[in-house]
Amino acid sequence: MSSGDGDGAMFSLHERIAVVTGAGSGLGLAIAQRLARAGAHVVIADIADAEDEARAVGGTYVRTDVAHERDVKALVSACVQRFGRFDIYVNNAGISHGAEGPHPLARTERRHLERLFEVNTLGVFFGLKHAGAAIADGGSIVNIASIVGPVGFPGYTDYAVSKLGVVALTRIGALELGARGVRVNCICPTAVKTPMLARNRIGSAESTVFDVASPLSTELRPSHVAALVHSLASDDCAPITGQAIMLDRGLTSGVASGIWQLAAGVDPGV
Ligand SMILES: NC(=O)c1ccc[n+]([C@@H]2O[C@H](COP(=O)([O-])OP(=O)(O)OC[C@H]3O[C@@H](n4cnc5c(N)ncnc54)[C@H](O)[C@@H]3O)[C@@H](O)[C@H]2O)c1
């Protein structure tokens with residue numbers, strides 16, 4: 001194992017086995033590619049066919065619907081059977097309201113919450129339950145939540161509830177698995193251009209709002225999410241657990257200049 005003390009193997013994932021759910025596209029694919037470049041053998045678990053994506057990173061594809069506990073259990077067993085162990089598990093698979101939403105509270109139906117809860121929250125719960133029990137001691141679990149949830153967004157009830165549940169699961173996982181040196185963290189990104197954002201009826205509006213409300217103009221890209229997952233997965237981040245990391249261009253640090261300018265035509269910070 002790398003000591004993380006500048007021994008020339010910084011952030012190396014050499015000989016690690018990494019499972020990434022929802023890695024057939026978007027953020028998951030960028031994460032799989034990055035972990036593979038860092039030396040890990042990557043298992044891509046996706047509901048959609050991702051044989052080609054797995055082959056391209058020298059990894060393995062396992063068809064998995066994270067909303068079904070039996071699928072997640074089978075994925076974990078397959079990894080242990082095939083590789084003897086796994087060290088990294090990324091709960092990335094998720095869905096949003098797509099073209100159907102967002103909906104104000106008054107037009108939000110029970111079925112909207114149930115649909116997103118089943119994939120986004122139960123999917124992570126099943127992952128923590130089964131991968132948490134089987135992951136190698138000292139392993140790292142990274143959950144992909146969202147800025148939506150920790151921060152309220154009008155109209156996003158179903159998505160926000162499902163993702164805030166991921167933050168809660170992260171903390172509980174960190175507390176329960178810490179005795180074996182297993183770390184559990186989650187990342188809460190703002191909008192990233194992926195197929196999910198493209199399907200969102202107001203995806204481009206989301207991006208514009210974050211552009212105005214964030215102090216940094218840097219566009220958040222899948223590679224940024226992948227870089228943070230890579231860091232958290234490596235031994236170099238060994239003391240970090242139970243954290244919900246806002247990957248938000250500074251959005252949650254306060255009321256940015258863009259808002260001051262837009263609302264009042266002044267920026268007291270300059
Ligand atoms: N794109 C963004 O702006 C953004 C921002 C914050 C958080 N996120 C979160 O990041 C994660 C990835 O999002 P993305 O933008 O890459 O989406 P995406 O739609 O591009 O990719 C999601 C992948 O998950 C797979 N998937 C969907 N349901 C699944 C299931 N039940 N079981 C297994 N796989 C399933 C899909 O087949 C797809 O390959 C999601 O959890 C999402 O909520 C995305």
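User: Which residues come nearest to the ligand?

Analyst: In this predicted model, the shell around the ligand comprises 30 residues. By class, this shell has 16 nonpolar, 10 polar and four charged residues. Those that come nearest to the ligand are Asp 46, Asn 92, Tyr 159, Thr 194 and Arg 199.

User: What percentage of the area that the ligand exposes when taken alone does the protein bury?

Analyst: The ligand sits in the largest pocket. Taken alone, the ligand exposes 840 Å², and the fraction of this that the protein buries is 93%.

User: Which element gives the most residues to the lining of the largest pocket?

Analyst: The largest pocket holds about 830 Å³ of space and is lined by 42 residues, with Gly 94, Ile 95, Ser 96, Met 196 and Arg 199 closest to its centre. Elements that give two or more residues to this lining are α1, β2, α4, α5, α6 and α7. With four residues, the greatest contributor is α6.

User: What is the volume of the second largest pocket?

Analyst: The lining of the second largest pocket includes Val 151, Phe 153, Tyr 156 and Leu 251. Its residues divide into 10 nonpolar, one polar and one charged. The volume of the second largest pocket is about 190 Å³.

Note on methods:
Residues numbered from 1 in each chain as written. Predicted model: local features only at pLDDT ≥ 70, side-chain atom pairs only at ≥ 80, totals over all residues. Heavy atoms only, no water. 1 Å grid on protein atoms, 1.4 Å probe; cavity = no way out; pocket = protein on both sides within 12 Å on 5 of 7 lines; lining within 4 Å. Points joined across faces, edges and corners; volume = space filled by probe spheres on them. Nonpolar A, V, L, I, M, F, W, Y, C, P; charged D, E, K, R; others polar. Near = heavy atom within 4 Å. Areas by Shrake-Rupley, 256 points an atom, 1.4 Å probe, with all protein chains shown as cover. Sits in = over half its atoms within 2 Å of the grid points.
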